[in-house]
Amino acid sequence: MSGQNGQKEVWSDLITGPKWTLYTAMQHVARGLTDMVGHVIVNDAPQVKEMPVAQVQGRVGAPGTEIVAIYLHMESGLRGRAVLILPLSFALNLVDLMMEAPRGTATSMGLMERSALGEVGNLALSFFLNSVAESASQVGVLQPSPPSVIVGAPGTVLNMVVTSAAAMNDELLIVETAFADTAKTVEFRFWVLPDPTINWAHD
Amino acid sequence: MPTVMITDDSLFIRVKIAKLLARHGYETIQAEDGEQAVEVYRETSPDAVLMDVTMPHKNGLQALAEILQFAPEARIIMLTALAQKSVATTAVTYGAKDFLVKPIHPDQLITALDRVLAA
């Protein structure tokens, strides 16, 4: 099957097909993150949302807050991008879990802290792609890019993450899943965005 | 003391593994990507290599193939979050001694290293 058709089929299955494929993929992500941080991480049901770009900013964070985004491309097999978004305070708590340090130890985003969060993003997207790959052999190896960790105001983060996708469309298609540890010390949203150049919805 | 080269673009992973290996009596050197891994291997010939797959500049599978061309005796263990059959098959076909899926448990890593070094 050709690359473009294969991608279209896989995205179509994920977005419009039986929900279990997407649910299973996000459960894989939750299990992988649980193993990684040593605390139980659970997920809500993934939601597929098509929303105007202007509304997306509101979902990233309130003005005046500082947020962290862990941003990756899907580099081969399946084209798209993924972002983990969380408030800075939760990001620091997540770093403490990764470093096996008492909560409150991490107080700023230095090199090590950014690297720890980058690894969270790498693992989250890899586990998502691993799950999709089990039923999508026609698109070959599904691989994430190295992660980028962005810290800033919601508008700044949004511009960096969705600008090129938004330039092509007035609306963005986002698969959004909420994750949290059971103590609610870490909560984040995981967005998966199909490549807008793939006309997956139409034959 | 055996020397292990840790190749991963994640500083967090390199430091975490280095601390673990130090506790078990290993010396370590680090490389940030596949290109650096090939250069460092040429210069130092470590006893074993832990190699991430997804890295910028040159990925782990490319570095694995290149190192084994000039050092067929190299003991390279792949580390990756990509638990996809084709990735594991490629790594083994190229000559990796083992393939571990992240997140890696400390006991699992030490067992894999001990096994590879004993062979």
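**Notes on the predicted model**

1. Strand S1 (residues 3-7) of chain B pairs with S3(B) in the parallel sense, over 4 bridges. Within this pairing, Thr7(B) has Met51(B) as its bridge partner in S3(B). I would keep in mind throughout that the model is a predicted one.

2. The pairing belongs to an open sheet of 5 strands in chain B, which are ordered S2-S1-S3-S4-S5 and paired in parallel. At the edges stand strand S2 (27-31) and S5 of chain B, each of which pairs on one side only. From one strand to the next, the twist averages 20°. Helix H5(B) packs on this sheet, where it touches S1, S3, strand S4 (76-80) and S5 of chain B, and its direction makes about 175° with that of S5(B).

3. Taken as a whole, chain B holds 5 helices and 5 strands, and from the N terminus on its elements run β-α-β-α-β-α-β-α-β-α. Its radius of gyration is 13 Å, close to the 14 Å that the globule rule gives for 119 residues, so chain B is as compact as a globular protein of that length. Along its principal axes the C-alpha trace of chain B spans about 30 × 30 × 30 Å, and 45% of the 119 residues count as buried. Of the contacts in chain B with a separation of 6 or more, 60% are accounted for by residues 24 or more positions apart.

4. The peptide bond that joins Lys102(B) and Pro103(B) is cis, with an omega of about -5°, and Pro103(B) lies in the loop between strand S5 (98-101) and helix H5 (106-118) of chain B. His57(B), although not a glycine, has a positive phi of about 65°; its place is in the loop between strand S3 (48-52) and helix H3 (60-70) of chain B. With 14 other C-beta atoms within 10 Å, His57(B) is partly exposed.

5. Glu100(A) lies in the loop between helix H4 (88-99) and H5 of chain A. Is this residue buried or exposed? Glu100(A) is exposed, because 10 other C-beta atoms lie within 10 Å, and a residue counts as exposed at 12 or fewer.

6. Among contacts in chain A between residues at least 6 apart in sequence, 69% join residues at least 24 apart.

7. Since 21 of the 23 residues of H5(A) are buried, the helix is largely enclosed by the rest of the structure. Val132(A), which has its place in this helix, is buried, with 25 other C-beta atoms within 10 Å. Not counting residues up to four places away in sequence, Val132(A) touches Val10(A), Leu14(A), Ala25(A), Leu78(A) and Leu142(A). The C-alpha atoms of Val132(A) and Trp20(A) are separated by 11 Å, although the two residues are 112 residues apart along the chain.

8. Finally, the interface: 20 residues of chain A are in contact with 16 residues of chain B. On the side of chain A that touches chain B, helix H2 (19-37), helix H5 (111-133) and strand S5 (143-144) of chain A each supply at least two residues. The most is given by H5(A), with 12 residues. By class, this side of chain A has 11 nonpolar, 7 polar and 2 charged residues.

Methods:
Residues numbered from 1 in each chain as written. Chains lettered and ligands numbered in written order. Predicted model: local features only at pLDDT ≥ 70, side-chain atom pairs only at ≥ 80, totals over all residues. Contact = placed C-beta atoms within 7 Å. Nonpolar A, V, L, I, M, F, W, Y, C, P; charged D, E, K, R; others polar. Buried ≥ 20, exposed ≤ 12 C-beta atoms within 10 Å, placed from the backbone. Pairing = 2+ DSSP bridges. Axes fitted to C-alpha atoms, helices over the stretch in contact; angles between N-to-C directions. Rg over C-alpha atoms; globule rule 2.2 N^0.38 Å.
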